[in-house]
Amino acid sequence: MKLEGRHILSADLCVPPTVLGQEGQSTLKLEERITQMYDELHEPVYRYLLCRSASPVDADDIIQETFLRLYRHLNAGGREDNIRSWVFRVAHNININELKRRSHLFSDAPDEVSGLEMSQADPTLGPEELFLRSEKMARIHAAICTLSEQQKQCLYLRAEGFRYREIGEILGVTISTVAESLRRAVKKLIMGSHA
Amino acid sequence: MHKPSENRNNCSAENKKANQNPHLSDEQLLLALDGELSAHEAAQVEVHVASCWACRARREQIEKVIGDVVDYRDQLIQPYFSASTGGRSRFVNQLEQLAAKVGQPPLWKRVLRATRGLWAFSQIEVLRYVWIGAPVVATLAFFSFTRFWHVPKVSASELLENAQSSEVLALRSVTKPVVYQKLRIRDGNQTVTRTIYRDPVGVRQADRLDLVEGAGEKVSSNAGIRRRPQDQPDAVHTADAELQRTFFTAHLSWQDPLSPANYSAWYNSLDHRQDDVTTSGKDFITLKTTTSEGAIAEASITVRSADFHPVAEDLRLQDGRRVEIHELAWDILPMDSINVAIFEPEPALYEAVNKRPTTVALQSPGLTETELAEAELRVLVAIHAEKADLGEQIELDRDIPRSGQRSVIVRGIVSTPERKNDLLAALQGIPHVELRLQTIEEAQSQQNQPPSDIRLGAAPQAAQEVSAQEYEFPGESFEATAHEPPAIIIAGRPAFEQQLEERFPAAEARAAFVNETVELVQDAMAQAWALRRLGNRYTPDVVKELSVGSQQTLALLIRDHVSVLRQDVDEVRVRVSSLFSPEFLRSGPPPASDLPLSPETAASDWRGIVMSVFSETQRVNDNASALLAGTGETLSDPQAAVRELQLALAGLETQLPALSQQVGEPFLNEPKNNGR
């Protein structure tokens, strides 16, 4: 798995530099550029969508729809000064609409997590370490379940390397709300870790 | 949107705590860890953490939680990554089909895209040597000649942020600062020098204008620092008035012509703009902004690269006029070092101006309701960013102040000089606004003076108005005082005392639980009050006065309050539910007749929902306080209080998402019920 999403992009320009670099600004066709952006952003968007209750199949569909919309957007002469935020914003909105439309196919219910945790256990860990790790994951999971939707969204977007300003743009809230949501989320998680 | 570094002050209650608490808040620690503080603030946090074990331990706790979240996320999704491998080829097929269907974009769009791409490419700090090997060599040669690389490359927004921070930091370097500034202002063929002494704490300013002709020859001036137009020679007065009119046309502040905050406010108000950041040698950086919106076609601000202090501004108006402002001298002086008599208030400015037989309509109250409404909204946003709309004694008026034009007057009393400075910095640069903020100490000292000595008459008035009536529907006063949620009064036994003792045997843990829950409820009340004030203020008629951009800003403001209120309510629900026992819940779910009406039927527009939200939040406040903290009389029927609380929480659970959704749409333009 790659590192956090932030490393992909240059400081303030959120178009993947590799895409820009390889493209040479005009030599690549738009389809090729979109495909490159898809390759670079697929993993972080997929990760975010899975965390936001999308099933793997839905997440793939949402990402495809997002990048097809991106093609139409750029083909129509749309702005490309923050593609990464744009992609996350559109994927986030499609996912929200999908979740409204049908019931969740993928849930972060405790049972699933504990099963997941056991299946993914590091084979180098001993039984005691496995047990402690499993306990820890269950505790974090229980604490994350107490967060509001917005707090979770802010948390996972921050984990993808977005700045508060970008998170605000993606979720349609102000920076102060992002800061407040993260503060509360972290406070709850600290309390949860002591429970 | 607002910088988090501007929002580091938490709600008013926490501000008060922060003033007494030597430790850093969780928010400060988190902002520092996330790199969201300015360099200066981050350095302050580092210095504190280096010396304070308690804060260092809390920071490590936060870091650990961040690590846990990332670990958890990775564990959660890892098994599902293999499931996504088939998606790429399907996507490529779909993309090719779409491309064949849509076809190539027209030539002009391709040119536009290429131009944007080039612009974007030019912003990348990591140069791609493969592409621009030769230019890099040439550029390096140029650098070696000019020592150009010493100048930090910044974006437009960074430059403006740094310039504003520079100003605030400079003011903090002196206890009672007075800004001395000498400017040369050229408007067409007319050139003046303007000397300003500004007291940012007392919100006072003294000016002198000298008319200059030819090569700096002074042709006319007022003899000393004067504030009264009647003391100015006619030529100077005419120049003064014409310049003020030019600034007014461009929606700029004449009070502080070279303000980066002012430039930033204009810059942020633009939907479409083009930026160009250039350096002049190693000493100066210039931001040039071009736009087709508003009165200004092109503006540039030049700052010193060493400290981002602004030294020049150049404005080209849409009508072809050009205004150039150059700083000739600037300093921050201690108040003690100047003659404070220069700040003597002018008597009866309007009368004096009206007596003048001048043809210049300096004091023409040319501001429209729309301009005032826009200014007022900007003030509300700034106050909101500072979290000063949650119970602090700040009020807004539309009035004719000393400047002679109708303005939005922000008056109020704040707890400390630091808080006052923060608010002044946040509000600085908003056009058509007069600031009359005082600390409690200042207000008290003025009240103790004989009436004839009171100079800023508004502030004591503000103090007396603390108990004023709530502002109701459009008028000339927007009351934001007297709405601080009432402090919890411990007067009876909490109805949940037994449950609390069972859940938290230790008195300390019990008290912490109650205090935190009560704080959440109080914060919810503060948010509900803020929403109610917005609902009262922004009737459909007032909303119509706003531009589309401002309507969106208002929607964002409302959504912000709703968002925090939802978080508060969620947390209160979780906390209180953990105390419910079957005995308390025996009464079962509330009858259908008691359930809150759906938002569609209960409220026909967002203001109606706001009123419902307010009353439900009040019910939560009353009942939660009675159950947990024993406010008022001892409850005769705790079960009824629990039921009331459940009903109110259920009502909010329905109403808040509905309100959030409604303000997410173009609700402001098309209210469903104008008669409300």
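First, a term I need: a crossing is called left-handed if the near helix is turned anticlockwise from the far one by less than a right angle, and right-handed if clockwise. I also keep in mind that this is a predicted model.

**Chain B, H12 and H19.** I looked up helix H12 (residues 369–385) of chain B against helix H19 (residues 548–577) of chain B: their axes come within 11 Å and cross at roughly 30°. Angles under 35 degrees count as roughly parallel, so I put H12(B) down as roughly parallel to H19(B). H12(B) passes H19(B) in a left-handed crossing. On the H12(B) side I find B:Glu374, B:Leu377, B:Leu380, B:Val381 and B:His384 in the contact, and H19(B) brings B:Ser550, B:Thr553, B:Leu554, B:Leu557 and B:Asp560. By class I note 5 nonpolar, 3 polar and 2 charged residues.

**Chain A, H8 and H9.** Next I checked helix H8 (residues 164–171) of chain A and helix H9 (residues 175–194) of chain A, whose axes come within 8 Å and cross at roughly 105°. H8(A) and H9(A) are therefore roughly perpendicular. A:Tyr164, A:Arg165, A:Ile167 and A:Gly168 of H8(A) meet A:Ile175, A:Val178 and A:Ala179 of H9(A). I sort these into 5 nonpolar, 1 polar and 1 charged.

**Confidence in chain A.** How does chain A score on average? Its mean pLDDT is 76, and 74% of the residues score at least 70. Confidence is lowest in helix H1 (residues 17–23) of chain A, with a mean of 40, and highest in helix H7 (residues 149–159) of chain A, at 93. I flagged residues 1–27 of chain A, where the pLDDT is below 50. Residues 104–119 of chain A also stay under 50.

Methods:
Residues numbered from 1 in each chain as written. Chains lettered and ligands numbered in written order. Predicted model: local features only at pLDDT ≥ 70, side-chain atom pairs only at ≥ 80, totals over all residues. Axes fitted to C-alpha atoms, helices over the stretch in contact; angles between N-to-C directions. Helix = DSSP H or I, 4+ residues; strand = E, 2+ residues; numbered from the N terminus. Parallel < 35°, antiparallel > 145°, perpendicular 65-115°, else oblique. Contact = placed C-beta atoms within 7 Å. Nonpolar A, V, L, I, M, F, W, Y, C, P; charged D, E, K, R; others polar. pLDDT = per-residue confidence, 0-100.
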